[in-house]
Amino acid sequence: MATAALRDTSSRGSTSTKIGWALSGLAILFLGTDAGAKIVVPAMVAAYTPPQLRIPADPGFYRLLGAILAFSTVLYAIPRTAVLGAILLTAYLGGAIATHLIAGSPMISNTLFGAYLGLAVWGGLYLREPRLRSLLPLRD
């Protein structure tokens, strides 16, 4: 009964829900592609990683990163576990931001790219999930 009270079916086909799914879809596509590359061709990803990032060139390390990213992205793509997936993706992207800060990468293009992706993840979830909007309203 309590769960039924939390569901808001009136906004199921709303414009904000569609935009949220589109934004989430773009984030899922990008993150899934990145995870797939790290899992399938880790040696190539390692070869193209700038040395100033100081990430080990071990393909096993990239497979592990890819598996963590794939797991988090799948959780985010499933509506029931989307919030947990968004939290895990936020942690993953925070690590990417920290790595680029330490390496002295360009701020706008490289370092903040993880923040842009995080905004897409949470923005998409916010727009597609009415329970999240009721929990964190943007206005009174």
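**View 1. Helix α2 passes helix α7 in a left-handed crossing.** A crossing is called left-handed if the near helix is turned anticlockwise from the far one by less than a right angle, and right-handed if clockwise. The model is predicted; local features require pLDDT of at least 70 and side-chain atom pairs pLDDT 80 or more, while totals for chains, interfaces and linings use all residues. Residues are numbered from 1 along each chain as its sequence is written, and side-chain values use heavy atoms, with hydrogens and water left out. The axes of α2 and α7 come within 7 Å and cross at roughly 145 degrees; axes are lines fitted to C-alpha atoms, for helices over the stretch in contact, and angles run from 0 to 180 degrees between N-to-C directions. Helices (H or I, at least four residues) are DSSP runs numbered from the N terminus. Contact residues (heavy atoms within 4.5 Å) include Trp 21, Ala 27 and Phe 30 of α2 and Phe 113, Leu 117 and Arg 128 of α7. By class, the residues of this contact are 12 nonpolar, six polar and one charged. Here Ala, Val, Leu, Ile, Met, Phe, Trp, Tyr, Cys and Pro count as nonpolar, Asp, Glu, Lys and Arg as charged, and the others, Gly among them, as polar.

**View 2. Phe 30 and Phe 113 form an edge-to-face aromatic pair.** The structure holds two aromatic pairs, where rings of Phe, Tyr and Trp (its six-membered ring) pair if their centres lie within 6.5 Å, and planes under 30 degrees apart count as stacked, over 60 as edge-to-face and the rest as tilted. For Phe 30 and Phe 113 the separation is 5.4 Å centre to centre, with 65 degrees between the planes. Because Phe 30 belongs to α2 (residues 15-40) and Phe 113 to α7 (residues 113-128), the pair ties together parts that are 83 residues apart in sequence. Phe 30 is partly exposed at 40% relative accessibility, and Phe 113 is partly exposed at 37%; buried means under 20% relative accessible area, exposed over 50%, and partly exposed in between (1.4 Å probe, protein chains only).

**View 3. Phe 61 and Tyr 62 form an edge-to-face aromatic pair.** The ring centres are 6.2 Å apart and the planes stand at 90 degrees. Phe 61 is partly exposed, with 30% relative accessibility, whereas Tyr 62 is buried at 2%.

**View 4. The charged end of Arg 128 sits over the ring of Trp 21 and over the ring of Tyr 76.** The distance to the ring centre is 4.1 Å for Trp 21 and 4.9 Å for Tyr 76. The criterion places NZ of Lys or CZ of Arg within 6 Å of the ring centre and within 35 degrees of the ring normal.

**View 5. Helices α4 and α5 pack in a left-handed crossing.** Helix α4 (residues 59-77) and helix α5 (residues 82-103) meet at an angle of about 145 degrees, with their axes 6 Å apart. Among the residues making the contact are Leu 65, Ile 68 and Tyr 76 of α4 and Ala 82, Leu 88 and Tyr 92 of α5. This contact comprises 12 nonpolar, three polar and no charged residues.

**View 6. Leu 29 of helix α2 is shown with Thr 73.** Leu 29 is exposed, with a relative accessible area of 56%. The C-alpha atoms of Leu 29 and Thr 73 lie 9.2 Å apart in space, and the two residues are 44 residues apart in sequence.

Notes. Helix = DSSP H or I, 4+ residues; strand = E, 2+ residues; numbered from the N terminus.
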